[in-house]
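Work through the exercises below with the sequence and the 3D structure in view. Each task is followed by a solution in steps.

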Amino acid sequence: MNNFSDEQVARQVQGGDIEAFGSLIERFEAKMSRYSKRFLIGYEDSQDLVQNVFLKAYQHINSFNSSLSFNSWIYRIAHNEFINFIKKKGKEPMPFFDGDSIFPHPISREDPHKDLMIMQDSRQLEENLHKLQPKYREVLVLYFFEEMSYEEISDILKVPVSTVGVRLSRAKAELSKLYKL
Amino acid sequence: MKEHLKPQNLKSEVMDQISSGKVAATPKWIVLAKIFLVIFGFMIIFGLAMFAGSFLFYRLREEASFGAVFNLSRELRSYISASLLLSFLLGIGLILLILRKGRLGYKTPLLWLIILMLTVSATSILVLDRVKFHDAMFASSIKSGKPGVGAKVYHKLSRQNSDTRVIGRVVKMQDQKIYIHDRKSWRPQPILVEPSEEIIFLSAIDNISIGDIVEALGQYEENTFRAQKIQKLRQFNPNSLILP
């Protein structure tokens, strides 16, 4: 089973092999737990949500197109689950309109020094993460901790690649302000 | 320690729920049926939008006040109506685009609610206009000689026009008398139209034959419409999107 790709294992699950789904859980449980802990920082019961993510993934396994990335697909499910959870809790503002998408700005030039500073001090980053808006926190988590590309993040969040760039740029600017405080 | 134990619990708990049958995968045929329904629904909405668009275009071209106020030709009315309709559709498209792009990347029922509202509104307008304000009005007017219940509001709005204007299909001709089936009038059908003494023939009455669409301007004298002006109109198709 270890030699198979995620998509091949998913195809086996679609064919009725329930045990193969156990293999997918093993592959993604650490990633999902990490994603939930950092995105849902300051919330309890994040582990229960990860369980829901896997249950929903199994329920909807037949809607997964195995020619696409399983990784992006399961992250998309997790994203929806976590966002709904945040909305339900009502602790953080979740505006319907997103200015970053409606009025896109040119992506600022990447600053490797700033990135390095953020990545090196990951402990302080985690401390500051919960002070950010969810939409900025999420792109940071996916980019720095899950090491995803702009395209993958765009695929998960269902926003244009340019919007991912704008959010990331603004998230870094917000973080820089927090570091200076 | 607790953190290390969690992932193992997670896998067993998920697999327990799956093997006990509490959680089941949605069958493939349901997934396919949903896709089919989405495509089918889109086709219906598209067809409905086309129909509503062509109907609105026809109504604007034939009845909008800008045509009469500026005394525009039929061609100009067509272009202005098409431009107005296009602007309206672009406006709706822009709103939907903003809503679509404005989402934070998660599902929202609002977009679907708006689409549903638009569809229901368009359907209601069409159904009311086609059934209540025309057929019901026609049926009840034959019985009572008064406007039908469903047509009262519509009749009130168009009363000024309907008392001085008859427009419809010629169903019978006898000497200089023409019987016109005016779908908008609440009077018993067909309406007897007789030329008045001040008649101005814009198109010779000899050219008018049964089945033609004509417009007569004048006044009622009891149940006879005394026309001062009669003209033959071009045949129209309300559902046609083709400009004249």
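**Exercise 1.** State what share of chain A counts as buried, and which pattern chain A follows along the sequence.

Solution. Start with burial: a residue is buried under 20% relative accessible area, exposed over 50%, and partly exposed in between (1.4 Å probe, protein chains only). By this rule, 52% of the 181 residues of chain A are buried. Next come the elements, where helices (H or I, at least four residues) and strands (E, at least two) are DSSP runs numbered from the N terminus. Chain A has 10 helices and 0 strands, which gives the pattern α-α-α-α-α-α-α-α-α-α.

The model is predicted: local features need pLDDT of at least 70 and side-chain atom pairs count only at pLDDT 80 or more, while totals for chains, interfaces and linings use all residues. Residues are numbered from 1 along each chain as its sequence is written, chains are lettered from A and ligands numbered from 1 in the order in which they are written, and side-chain values use heavy atoms, with hydrogens and water left out.

**Exercise 2.** Compare the span of α3(A) with the expected one, and explain why α3(A) is described as largely enclosed.

Solution. The expected span of a helix is 1.5 Å times one less than its number of residues. With 14 residues, α3(A) reaches 20 Å from first to last C-alpha, close to the 20 Å expected. Then count burial: 10 of the 14 residues are buried, so α3(A) is largely enclosed by the rest of the structure. Among the buried residues are A:Leu49, A:Val53, A:Phe54 and A:Tyr58.

**Exercise 3.** Describe the salt bridges of A:Lys177 and B:Glu215.

Solution. A salt bridge is a side-chain nitrogen of Lys or Arg within 4 Å of a carboxyl oxygen of Asp or Glu. Over all chains, the search finds 8 of them. In one, A:Lys177 meets A:Glu174 at 3.8 Å, N to O. Both lie in helix α10 (residues 161-180) of chain A, 3 residues apart, about one turn of the helix. A:Lys177 is exposed at 52%, and A:Glu174 is partly exposed at 32%.

In another, the closest N and O atoms of B:Glu215 and B:Arg165 are 2.8 Å apart. This pair links distant parts of the chain, 50 residues apart: B:Glu215 is in strand β4 (residues 213-221) and B:Arg165 in strand β1 (residues 165-174) of chain B. B:Glu215 is buried at 12%, whereas B:Arg165 is partly exposed at 24%.

**Exercise 4.** Locate A:Glu147 and A:Lys158, and give the phi of A:Glu147 and of A:Lys158.

Solution. Most residues other than glycine have a negative phi. A:Glu147 has a positive phi, near 55 degrees, and is found in the loop between α8 (134-145) and α9 (150-157) of chain A. A:Glu147 is exposed, at 64% relative accessible area. For A:Lys158, phi is positive as well, near 60 degrees. A:Lys158 lies in the loop between α9 and α10 of chain A and is partly exposed at 42%.
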